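Open the model in your viewer and keep the selection tool at hand. This tour goes from one contact to the interface around it, and then to the confidence values.

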Amino acid sequence: MGTVHARSLDPLPMHGPDLGLHPDDAELVEAEPETKQEVLENKDVIVQRVHIDGLGRTKEDLLGYEIADVFMAKNLIDVMKKSHEAREKLLRLGIFRKVEVVIDTAEGEDALPNGLDVTFEVTELRRLTGSYNTMVGNNEGSMVLGVKLPNIFGRAEKLTFQFSYGTKETSYGLSFFKPQLGHFDRNICVNLYKVTGQFPWSSLRETDRGIATEFNFPIWKTNHTLKWEGVWRELGCLARTASFAVREESGHSLKSSLSHAMVIDTRNSAILPRRGALFRINQELAGYTGGDASFLKEDFEIQLNRRLFWDSVLSASLWGGMILPVGDKPASIADRFYLGGPTSIRGFSMYSIGPQSEGDYLGGEAYWAGGLHLYTPLPFRPGRGGFGDLFRTHFFLNAGNLCNLNYGEGPRAHLQKLAEYIRWSYGAGIVLRLGNIARLELNYCIPMGVQIGDRICDGVQFGAGIRFL
Amino acid sequence: MSLAAEAFVSQIAAAEPWPENAALFQPLKDDQVLLSDCASSLAVQAYLRMCNLPVQVCCRANAEHMSPSGKVPFIHVGNQVVSELGPIVQFTKAKVVGCVSGQGLSNGPLSCKRHLQHCAEGSAVFLQGHSLSDGLDDVQRAEMKAYMELVNNMLLTAELYIQWCDEATAAQITRPRYSSPYPWPLNHILAYQKQWEVRRKMSAIGWAGKSLEQVYEDVSQCCQALSQRLGTQQYFFNKQPTELDALVFGHLFTILTTQLTSDELSDKIKSYSNLLSFCRRIEHNYFQEHERPGLDPLSIRPSLM
């Protein structure tokens, strides 16, 4: 689940608040001035008091930042707009179940004739909540049981414990999240986790026990994440018939790595965007803070979406990555990249492209993959305005390559190696959007450029996941 | 795979001749390997040399985890992986004996024989499979199995006990050696995990309550039994070595040549002179062969047909 190409066993997204509204669906409420209030629209008002009712354990200094803007409002429309924004901010903290805004004229002894009182009536979340969800990762599903303690110390900190049982993975983890006062986008998250995964395409079983500390902060329009992660990895063979190359990788290792990721996301939705672009770049350096895995890994993702005639969308995406082992030990099978499957190059079996040994896919040190898609509404638009809007037809062209590099040669030789033996595929299918969470695809694919050793899935292929090429 | 399918596949695989790149895997020789693992590995190496099957010894830090059963050593022959002496003996027994002559490849039956055929055209390839215990009758074979069980239950368990349950040895020798390939803090975690596992096994078989003196006493009794059986003979049965000889050699030689916190264990063995000369004899016959010039790993043996 999560970032798929490096086959990392990222824990479930435990950080971040639960957004109350879907970003696509939200529209700013514009209050239309009625004739009666025409007079008030131009009238200057002063916000004299802002109350927050219903606080229990939440500390007040946290909220001061979120509601500070309300005091700046100059007229009634402005007050309503700013109150709405403050309400959004309070909900984003993830500590209130409900926030209601009441705007009233000021009362009391020092009330001005044009003074207003704004009251936020909030209901805090309970101290302990449990949850039961199902989650969809990349071609796998799982059942998640969670226990959450929101706002434990009063400043929007959150402690979460999750247990997930899935078709490919079993995991549990503890996560602590703390935002900075006044800047919710800057936050720290500490995770402890144990994840087991089974990878039949490599006949590999992996158990990771680790601790990760990450620090998120925005700079201008970009979002950055700095992370330190220490993982105890245990690799084993999934079956007696695993190839010897995979058997040689069995055993224990310790990876201690520092990573940095930058994301610029202007899309309107993560699942089936209609416009906008995504640029994500990730680098990871392991080995300089302990452990025995030692490498430098780079990974990038670009996606561009553009709306065309008749409600159709053209989407282009490009993925790429490279891992450079530092020292004389080659990169471990758990760190290498994998390619192929219904979520990357369609028409090929899951992660079944590239170097392999006796049918077990070993992954590669460098890869690139590109996709060109055209999404259109269903032909004849059945169920328009309702259920039919969740489906889209899609025509695609995917291409990519995965290989090992010979690091002695220069970059020209690397590019040449990545450019030979390109696998590509084309086809058409139907996409179903599941809320804002996941996407299901049913495609008819025709794989081309198949090399010896690749496993294909030509014809109809089904895919489910969150991140597609 | 089901048991029947696995047996079928291993029969088919056994039909291939012994390849030249057969390898034996064990933990790192200088820093990591422990007494019990070294003894098991040496027993398998001795057995394969007695069978004249060449094998290359590869040392890997993760040999224990690579092994399909979790125990070292294991051999990688063709695309088969077999671990521990018992299964390796079974595996080599099933090797088909075949030879190439002017008429082409002919296969012998799946039962074992020593076979020699010299092609009239002047080129000959000898493929040998071996069962060292062929010359034994049923009573002797049962006796051999019983003594092998004795060595496994007494000597091997005593080695494990001394390594892991004796706190002084565990702290000074075993844990540092076992965890040497791993970085901090993984080394401590793995060493303590292994120690806990071995101690649990010891209490399951009833050895947890024993004191070190009792263990030395058990070793002494075991050596006495072996010494009595060996008597003045060259090997335990007849004049040819069997897998029992390989196993006993592996354990005794390792104990004699390994430095522990105290020398009591090797002293127990040294008190039996016939065991000492037995070890020297096998070492001389099978482990110093490479010093003799011009010896082919696939050596020619007289036929018993």
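Start where the two chains meet: the count between chain A and chain B is one salt bridge (a side-chain nitrogen of Lys or Arg within 4 Å of a carboxyl oxygen of Asp or Glu). Select B:Arg60 and A:Glu248, whose side chains form that bridge at 2.9 Å, N to O.

This is a predicted model, in which local features need pLDDT (the predictor's confidence in each residue, from 0 to 100) of at least 70 and side-chain atom pairs count only at 80 or more, while totals for chains, interfaces and linings use all residues. Residues are numbered from 1 along each chain as its sequence is written, chains are lettered from A and ligands numbered from 1 in the order in which they are written, and side-chain values use heavy atoms, with hydrogens and water left out.

Next, select the whole interface: 14 residues of chain A are in contact (heavy atoms within 4.5 Å) with 19 residues of chain B. The area buried between the chains (accessible area, 1.4 Å probe, lost on being put together, summed over both) is about 1,400 Å², and carbon and sulfur atoms give 66% of it. Now pick A:Phe244, A:Arg247 and A:His252, which supply 39% of the area that chain A buries against chain B, more than any other three residues.

Finally, colour chain A by pLDDT: the mean is 86, and 91% of its residues reach 70 or more. Select residues 1-31 of chain A, where pLDDT stays under 50.

Terms used. Buried area is the accessible area (1.4 Å probe) that two parts lose on being put together, summed over both.
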